[in-house]
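Colleague: Could you walk me through the salt bridges in this one? I'm new to this, so please take it slowly.

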Amino acid sequence: MVREVEVVVVGAGQSGLSAAHFLRKHFEPLTGFVVLDHAPRPGGAWQFRWPTLTFETVNGVYRLPGLAVPEPDRATPVAEVIPDYFADYERAFDLRVQRPVSVRAVRPLPDKRLEVETDRGAWVARALVNATGTWERPFRPRYPGQETFRGRQLHTARYRGPWEFEGRRVVVVGGGVSGFQHVMEIDPFAAETHWVTRRPPEWREGTFTPEYGREVVARVEERVRQGKRPESVISATGIPLTPEIRAAREAGVLDRLPMFDRIEPDGVAWDDGRFVAADAIVWATGFRAALDHLAPLRLRGPGGGIAMDGTEVAADPRIHLVGYGPSASTIGANRAGRSAVRRIRELLAT
């Protein structure tokens, strides 16, 4: 079965719901636009977060446009609140999200429209808002000897809390937010913790001002404008020295080690002879943009990324990527949704 709409939105996380909100002002759901979501229920990636990720530790959970976000106790896990908030949002604005629907491929048609192939039939549209985020594509690098390790290896996407590592010797790999948060959280439970990163962490003193935020966004935006892969938020901002992080550094918990050269059955090793015994390796090595379904459109350039003009793919104005590059944040997602819809309406009008 093939159904026709003006716009297809792929993904119902922060970015997708923001775009749907602005589309709803001009189009009817299921006839003018449709939102397709792979997840079994509302909540985007928040529904899969570990229980110890609370409102106190997350880097801000901002409201979707038009509906205030709940303000629970800061010790409340975000996975207990945000999915219900997203569900309320979908009902409040009558977005009629279709789920679970897996988008397999997006292809160009001879009449300049797009065919969105899913596991539940196809949709044909004049424009597409892609809001698939990164959660579906955890990245774990390969190192020599990885398959010989006798302990446990897991990615952040499968992390469920520090108590899993009680009495264990744990190596956490990754210099992003999840990396140092995992180390700080696991350390009181573990026999030993070691933090390993490719580059030395950049500690940032002072407050995160709006001016600095705009500078960071501009830097990330320039990268994607050039078709380069977006850099991580932490690589752009540095790690803020909060009182908790400062205390962990002073206690030696965040004494960073350079990246090891190989993995051995009982730990990790460096070519200079150093060795750290380990029972578990936690790969806090981030995620990649989930864009495989867009491969038939051939959007990637020689730099490995997709050249962007705001939310619009520079080579194809029918395609907007929200939650990618500078809009890969909660505040940025809302702005990106509004911007994408404005430019799509201009495109459709011509």
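Modeller: Here is a look at the salt bridges, pair by pair. Keep in mind that this is a predicted model, where local features need pLDDT of at least 70, side-chain atom pairs count only at pLDDT 80 or more, and totals for chains, interfaces and linings use all residues. Residues are numbered from 1 along each chain as its sequence is written, and side-chain values use heavy atoms, with hydrogens and water left out.

A salt bridge here is a side-chain nitrogen of Lys or Arg within 4 Å of a carboxyl oxygen of Asp or Glu. That rule gives 21 salt bridges.

Let's start with D88 and R91, whose side chains pair up at 2.4 Å, N to O. Both sit in helix 2 (residues 82-92), and because they are 3 residues apart there, about one helical turn separates them. Helices are DSSP runs of H or I with at least four residues, strands are runs of E with at least two, and both are numbered from the N terminus. D88 is partly exposed at 38% relative accessible area, while R91 is exposed at 59%. (Buried means under 20%, exposed over 50%, partly exposed in between, with a 1.4 Å probe and protein chains only.)

Next, R107 bridges to E117, with their closest N and O atoms 2.5 Å apart. R107 belongs to strand 4 (residues 103-108) and E117 to strand 5 (residues 114-118), 10 residues apart.

Then there's D279 with R169, at 2.9 Å, N to O. D279 is in the loop between strand 16 (275-277) and strand 17 (280-283) and R169 is in strand 9 (residues 169-173), so this pair ties together parts 110 residues apart in sequence.
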